[in-house]
Amino acid sequence: MGSSAVSRIETVDRSAPSIADEVAAIARKELAPLAAEIDSGAIYPDELLRRLGGVGAWRSHLPENGAADLRCAIQSIAALGEVCGATAFMAWCQNTLVWYAANSDNPRLVEKFARSFADGQVLGGTGLSNPMKSLFGIEKLKLKGRKVEGGYVVRGALPWVSNLGRGHFFGSIFEREDAPGETVMFLADCSDPAITLQPCKPFLAMDGTGTYGVQFRDAFVRDDLILADPAGPFVKKIRAGFILLQAGMALGLIKDCISIMDEVDGPLGHVNRYLPQQPVQFKELCSELERETMALARDPFNPGETYWRKVVALRLRAGDASVAAAHAAMLHCGARGYLMSHRAQRRLREAYFVAIVTPATKQLRKMLAED
Ligand SMILES: Cc1cc2nc3c(=O)[nH]c(=O)nc-3n(C[C@H](O)[C@H](O)[C@H](O)COP(=O)(O)OP(=O)(O)OC[C@H]3O[C@@H](n4cnc5c(N)ncnc54)[C@H](O)[C@@H]3O)c2cc1C
């Protein structure tokens with residue numbers, strides 16, 4: 001290992017706890033009072049997301065000298081997820097957008113966007129669900145593009161993209177109409193009049209996440225918005241990071257479900273002890289998942305097939321564990337958790353999202369079955 005790589009890791013090790021600690025403090029003081037309104041869709045917390053960018057929440061995973069460390073980003077997402085699953089998801093969206101821009105080989109794109117995404121001045125997300133499903137033979141690509149002077153013209157629609165609004169950007173992939181089978185990854189600019197955001201019908205949870213259906217009506221995508229052409233090798237490079245960052249959503253949610261179970265132990269422990277799943281088991285499971293996540297998160301560019309399968313398997317376990325922990329929290333709470341005002345029912349609704357957001361449980365199982 002060269003001396004620059006050593007100093008990079010040392011720098012990350014020193015700074016990682018302080019960013020995650022600052023994020024945790026903001027989560028407790030500023031996010032907690034907003035969680036119910038975010039959950040109901042009354043607010044989309046763009047100011048809070050920018051403020052988190054100000055303390056470095058979206059920049060700790062920036063690659064340096066060909067390596068990257070996702071541990072601090074995952075810990076920060078988990079800290080937000082302990083308080084609000086929707087905000088943890090928006091944090092994943094923003095971190096993923098940063099991940100795309102920082103890994104692009106297009107110098108004009110990097111110069112124009114990498115810093116403003118990482119600082120949170122510009123917000124956004126990722127429209128990669130459909131491409132990720134398409135890569136594994138689940139559905140066809142929904143966006144089509146054709147080469148023109150200075151860029152591509154893109155048409156089609158994506159049913160859901162989150163952390164969006166005016167002035168926001170997101171990464172996605174289209175298939176070339178003029179070169180069938182070839183794909184290009186690009187940034188979509190939500191301020192482009194040829195790109196329209198359509199509000200979605202209310203969801204079970206995640207309504208405050210700025211989620212829209214997005215239509216491209218022959219939108220011109222300039223060369224400086226191209227993340228990777230062709231997209232294939234780039235997707236291979238960013239895919240482990242895309243998935244590993246989602247572990248933060250699961251870890252935060254599971255930790256809060258454990259707290260919920262602990263909170264009712266005083267009044268209800270005498271009968272809750274007959275339930276098959278106890279907080280101590282989830283504490284062990286959570287520590288195990290956290291350990292595995294942190295080990296994989298140190299090496300997101302690892303090209304090995306064994307590494308990739310470990311990432312996919314971990315993601316599957318994280319989704320399963322989220323649903324199991326939220327289910328157990330509901331059973332431990334009893335009638336208390338059945339009140340709409342109690343967060344146990346919110347955690348249950350959020351847990352299902354961890355299990356269905358791409359790559360969903362069924363896709364992960366397909367990937368592991370076929371690899
Ligand atoms: C709140 C929310 C936020 C999301 N944010 C993002 C995001 O930021 N970026 C992103 O890329 N993806 C996003 N998604 C999509 C998500 O990642 C998954 O792709 C989605 O939950 C479905 O995944 P699945 O594998 O279970 O597919 P399935 O649900 O099994 O299948 C998906 C297919 O079914 C079709 N379909 C879905 N609903 C209906 C319906 N009501 N009627 C008819 N057809 C339907 C879709 O067009 C799609 O082709 C979001 C989804 C939700 C619910």
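This is a predicted model: local features need pLDDT of at least 70, side-chain atom pairs count only at pLDDT 80 or more; totals for chains, interfaces and linings use all residues.
Domain 2 and domain 3 both contribute residues to the shell around the ligand, so the ligand lies between them.

**Ligand shell**

- The shell around the ligand has 20 residues, of which S129, W160, S162, T358 and A360 come nearest.
- Strand β1 (124-127), helix α7 (129-135) and strand β3 (151-161) each supply at least two residues of this shell.
- The shell residues divide into ten nonpolar, eight polar and two charged.
- Both domain 2 (125-232) and domain 3 (234-370) give residues to the shell, which means that the ligand sits between these two domains.

**Cis peptide bonds**

- Most peptide bonds are trans.
- The bond joining T358 and P359 is cis, with omega about 0°.
- T358 is also one of the residues that come nearest to the ligand.
- P359 is placed in the loop between α14 (343-356) and α15 (361-370).
- A cis peptide bond also runs from D229 to P230, with omega near 10°.
- P230 lies in the loop between β8 (226-228) and α8.

**Helix α8**

- Helix α8 covers residues 232-244, and its 13 residues should span 18 Å at 1.5 Å a residue; the end C-alpha atoms are 19 Å apart, which agrees.
- The helix has a kink of about 40°, centred on I238.
- I238 is itself buried, and the other buried residues of α8 are F234, A240, G241, F242, I243 and L244.
- An α-helix has 3.6 residues a turn, so residues three or four places apart point the same way.

**Helix α12 and its end**

- Helix α12 runs over residues 305-333; at 1.5 Å a residue its 29 residues should span 42 Å, and the end C-alpha atoms are 42 Å apart, so expectation and model agree.
- Just after α12, G334 adopts a positive phi of about 65°.

- Most residues other than glycine have a negative phi.
- N65 is not a glycine, yet has a positive phi of about 50°.
- The position of N65 is in the loop between α3 and α4 (71-81).
- N65 counts as exposed because 10 other C-beta atoms lie within 10 Å.
- N163, also a residue other than glycine, has a positive phi near 60°.
- The loop between β3 and β4 (169-176) holds N163.
- N163 counts as buried because 26 other C-beta atoms lie within 10 Å.

**Q215 in strand β7**

- Q215 belongs to strand β7 (residues 212-222).
- Q215 has 15 C-beta neighbours inside 10 Å and therefore counts as partly exposed.
- Leaving aside residues up to four places away in sequence, Q215 touches A157, T196 and Q198.
- Q215 and L158 are separated by 57 residues in sequence, while their C-alpha atoms are 6.6 Å apart in space.

**G54 in helix α3**

- G54 is located in helix α3 (residues 46-54).
- With 14 other C-beta atoms within 10 Å, G54 is partly exposed.
- G54 and Y307 are 253 residues apart in sequence, and their C-alpha atoms are 33 Å apart in space.

Terms used: Residues are numbered from 1 along each chain as its sequence is written. Helices (H or I, at least four residues) and strands (E, at least two) are DSSP runs, numbered from the N terminus. The expected span of a helix is 1.5 Å times one less than its number of residues. A residue is near a molecule or strand if its C-beta atom, placed from the backbone, lies within 6 Å of it. Ala, Val, Leu, Ile, Met, Phe, Trp, Tyr, Cys and Pro count as nonpolar, Asp, Glu, Lys and Arg as charged, and the others, Gly among them, as polar. Domain bounds come from an automatic or database domain assignment. A residue is buried if 20 or more other C-beta atoms lie within 10 Å of its own, exposed if 12 or fewer, and partly exposed in between; C-beta atoms are placed from the backbone. Two residues are in contact if their C-beta atoms, placed from the backbone, lie within 7 Å. The bend at a residue is the angle between axes fitted to the seven residues ending there and the seven starting there.
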